[in-house]
Amino acid sequence: MDSIVPSSRESSTGAEVPSLRFSRFDASDKRLQIINDQKQFSPIVSEYVKKHWGLHEKGFAYNVVAVFGSQSTGKSTLLNRLFGTNFDVMNESAGRQQTTKGIWVSKADEADILVLDVEGTDGGERFEDQDFERKSALFALAIAEVVIVNIYENNVGLYNGANLGLLKTVLDVNLQLFQQTGSPKTCLHFVIRDFTGQTPLERLATTLTTYLTKIWDGLSKPAGKESSKIEEFFTFAFTGLPHKVFAREAFESGVGKLRHKFVNSSDPEYAFQPALHKRVPADGFSSFAHSVWDRISASKELDLPTQTQLLAEHRCEEIAKEVFDGQFLDGIKGLKGIEAGKVIDDFGVIVNHVVESCILKFDEAGSRYHPQVYERKRIEFRHKMGTHLLALYNQQLANISKRAVALFVSSLNAGLAQDNEAGTSLFAKHLAEALRAAETLFRDGALAAKLKDADDWSPEVLHSQFITEIEKLSGEKRKEEVEKMIVAVEKLVVSGMKDGVIGQLNESGLNMWAGILGTFREAVEFGTLQVQKRGQGFEATGDEIEGYKTSVRWQTWVGLLETLKTETADDKMLARLKATFESRFRYDEQGVPRLWNLDDPIEAIFSLSMDEADKSLNVYAKMDVPLKMIGDNIIEDQRFDPSCVVIISSERLTTIRKRFKKEADSMFVEAKRSMVITTAKIPPWFIGMTIVLGWNEFMLVLFNPLYFTSLAILLGGLYVMWQYGMIGPAIKVGTAALKEGLDIAKTELQKNGIQLPEFLSMEDENAGKKQQAQGKKTKVAPAGAVSSVEEIEMKKRD
């Protein structure tokens, strides 16, 4: 037990040789390097547990102990003495140097105990790199039930000498990663080497416990553990061992007593108390240890920098700030126009040049510091510049997006203008071309503006916004153009249908409505063909085209109703009724105007004409045809109102009939008057008396050349004027000329101071009125005769 086992990793000269026990099973040696000096976990731990250590079937009947302490303080020697292991120990003749690298594990000879030999701390081989020291100590603390802390008596009370600084870090991270309320405790067994006894062991124990408590109270504890005490997670034990060389017998005796505490469960101070067991079965030890190491390796809390690293970080940050505040900010001043909405065409060239020149400046001063820190700070500096420029890049993309949207709108409008000129409908084609042009502009602009190696510079978000805006504009423009197309087709259809409908209304007849609805159906068919043809230019779906057709059908129907409403207004219906009435009353069957005489049956003809007009009014009043003739698509539409077939309401019919009757009565009276005029004759006795009394004057005129010529000219002129219907106009012109001459004469007399009497002016006016009344009486008949005839006829009709 006391002999030093020769190291399998040393040659006879003390030189180190590579060990393969990390990954290759060695049947002749129970030792295994569970974690090598490259921080890698051994893949064959389970094989050693089963084949070498015989713990595979032990369940929870095993224990784990580890040692922790400074390098070259006899940790491996102590473990070999206590547990009969054969860990490599230092060859003192070769100098004080590192012996244990990484973490080794072996099984005790006399007990089912796994013993971990941990690489010593504060070794010169690792210089300032304390990362592995912290991680290996934390690993031992996490998986071992008892951790032997190996320190010299003269280091008790020292912070670094007693490894208290390292313990503080390890305890802090262990609390965050592994220690939970109610989890198994870990025993920190302090073995005080070279113990002289001058300072009682109890005083040394109190000093160490006080320091540990102070360290624990100063830790930043996670939520729920703010008021926890160190005793909730750890127990403490203290053993003093005399000097191994100068007090060998006392040392061996102390080691024997300590060994008894570890291997004899009946010892009152037995080290492996049940409350310390991690409750991990032996066959799961490999997986448990591996997961603990993985979690420790992933923790950033243990990555504390060295003094050289701290200096490098400080200087690299200063250099980066100096270059950023000076050269970088000056270099990008020309990009400020972006914020005003301007697109900087050479944005990418500028930012790449500025960043590369700043990186070169940083490299000149920063490359002479710690390489890893310099590389990290170089990346951070580049990232800082990239982050600052990213806002400008996004603004550049936003400006490019606006330009691309404007290009899209102008391109699309130009294509639609071509369609209007050519009379075509190729909206989808123009939309695709405009979108392609805008997309190309955006993509090319975004690529040209990007900073080299800036992986976080992605145009996808703004590109997605750009596409969303384009899709919105496209949808709005498509909707607008579709509406324009439908309205244009509807106007074309309704205007084309209108003339045919008006023609059918003017022709009237019993088949009028059949003809009007036939014209309507032809217009609907034409309209649906038009929207189907034009809808293909929009790449419209079948459902959309059906919607277009439905709209055209309905608007054509609405247009028909509007046309009917306009054309069946009261005045127009009166005109149509009057035309129908006159065609019967004023014209005979051959279409010759009637010249009424007393023998004509004027009342019967009047009644027939009135009946004909009333029948035509009833035809106009309602579409007296089956609804199927309108079309299923119209009558099945929810908007269709069956009452719309009534074109003229009963109230309007009554009004129209009353107005028409007045006009028909007027035409009847006029006809009666013409009958009286055409039948009135001069009495024969009046003719004879005129000849007798005027014979001398007649002969004088007949045989006097001057009078005869004048009479011939007068009669010829009157004949010509009568033949061409100019008698009336000639009388009016003469009357107007005479009146004008009298007015001029009166004006001249008044200018010369001669004022005409007022009665003369009134007489002149009365004379003019009498002449006009006399002219009317001579044209028609004696007033008494006409009034008597009217009265008689009206009585007969009544």
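Q: What should I know about the numbering and the cut-offs?
A: Residues count from 1 along each chain as its sequence is written. In this predicted model, local features need pLDDT of at least 70, side-chain atom pairs count only at pLDDT 80 or more, totals for chains, interfaces and linings use all residues, and side-chain values use heavy atoms, with hydrogens and water left out.

Q: What pLDDT does the protein average?
A: pLDDT is the predictor's confidence in each residue, from 0 to 100. Here the average is 80, and 85% of the residues score at least 70.

Q: Where does pLDDT stay under 50, and how many contacts are there?
A: A contact means heavy atoms within 4.5 Å. Residues 94-98 stay under 50, and the model gives them eleven contacts beyond four places in sequence. Residues 773-798 are also below 50, with 14 contacts beyond near neighbours in sequence.

Q: Why does Phe698 count as partly exposed?
A: Buried means under 20% relative accessible area, exposed over 50%, and partly exposed in between (1.4 Å probe, protein chains only). Phe698 has 47% relative accessibility, so it counts as partly exposed. Phe698 lies in helix H20; helices are DSSP runs (H or I, at least four residues) numbered from the N terminus.

Q: How does the span of helix H22 agree with 1.5 Å a residue?
A: The expected span is 1.5 Å times one less than the number of residues. For the 25 residues of H22 (727-751) that should be 36 Å, and the end C-alpha atoms are 36 Å apart, which agrees. After H22 comes Gly753, with a positive phi near 90°.

Notes: Helices (H or I, at least four residues) and strands (E, at least two) are DSSP runs, numbered from the N terminus.
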